[in-house]
Amino acid sequence: PNQRDTQKKSQKKASDKMQEMGEMMQGAMAAASAEMNEENIETLRLILENLLKYSFNQEEVMQRFSEINVAHPNFGNDIKRQNMLKSYFEHIDDSLYVLSMRLPEISTIVQKDLTNAHYNLDQSLENFAESRFNNGSSNQQYVMTSVNNLADFLSDILDNMQKPKNSRPVSYTHLTLPT
């Protein structure tokens, strides 16, 4: 009986220790999760800020192209500006790629709008270079639609991430975006 009591005490002690270690691990995991959430929130804020800057600059370039033609003295500068905006958008794309790796549930929706934006940016440049200003302007409008869709979707995600944990989360799969 004495040995049995000793074994029970030893098992109880081991069980208590394991429980304590489990609680410590849960606490560490919760802290790491909170830190990752904060990092994702900050990344989203920066991406949204960059999308907003891009959007305003793209609108300005769209306005310029609506007022000129290939013979206009500023045509070359406006094409360069559109190319610079294309490069700027590629940096936004890189940031979104990193974020979508951490939040795979947003990847499909983000990728769709990024693909549309890149395609239409390329098409707009080609159309302007070939003096097809109406087509180029139309492509720019599609770029703006994709950028605005992204900003709207990411803003919803950001709002959802900032809600307290006990509130009902938005399901990413049920968000629909206009095409």
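**His118.** I started with His118, which sits in helix α3. This is a predicted model, so I kept an eye on confidence as I went. Is His118 buried or exposed? Its relative accessibility is 17%, and buried means under 20%, so I put His118 down as buried. Then I looked up its neighbours: leaving out residues up to four places away in sequence, His118 touches Phe89, Glu90 and Asp93.

**The core.** Phe89 came up again when I turned to the largest nonpolar core. That core has 34 residues, and Phe89 and Leu154 touch the most other members. The largest share, nine residues, comes from α4. As a general note to myself, nonpolar side chains in soluble globular proteins tend to be buried together.

**Leu154.** Not counting residues up to four places away in sequence, Leu154 touches Leu44, Ile47, Leu48, Leu51, Leu96, Ile106 and Val110.

**Ser131.** Next I went to the loop between α3 and α4, where Ser131 is found. Its phi is near 60°, a positive value in a residue that isn't glycine. I flagged this, since most residues other than glycine have a negative phi.

**The whole chain.** Stepping back, I counted four helices and zero strands. Read along the sequence, the pattern is α-α-α-α. Of the 179 residues in the protein, 33% are buried. For the accessible surface I noted about 11700 Å², with 53% of that belonging to carbon and sulfur atoms. I also looked at contact range: among contacts with a separation of 6 or more, 73% are between residues 24 or more positions apart.

**Confidence.** The mean pLDDT of the protein is 85, and 88% of the residues reach 70 or more.

Technical notes:
Residues are numbered from 1 along each chain as its sequence is written. This is a predicted model: local features need pLDDT of at least 70, side-chain atom pairs count only at pLDDT 80 or more; totals for chains, interfaces and linings use all residues. Side-chain values use heavy atoms; hydrogens and water are left out. A nonpolar core is a set of buried Ala, Val, Leu, Ile, Met, Phe, Trp, Tyr and Cys residues joined through side-chain atoms within 4.5 Å. Buried means under 20% relative accessible area, exposed over 50%, partly exposed in between (1.4 Å probe, protein chains only). Helices (H or I, at least four residues) and strands (E, at least two) are DSSP runs, numbered from the N terminus. Contact means heavy atoms within 4.5 Å. pLDDT is the predictor's confidence in each residue, from 0 to 100. Accessible areas come from the Shrake-Rupley method with a 1.4 Å probe; for residues, only the protein chains shown count as cover.
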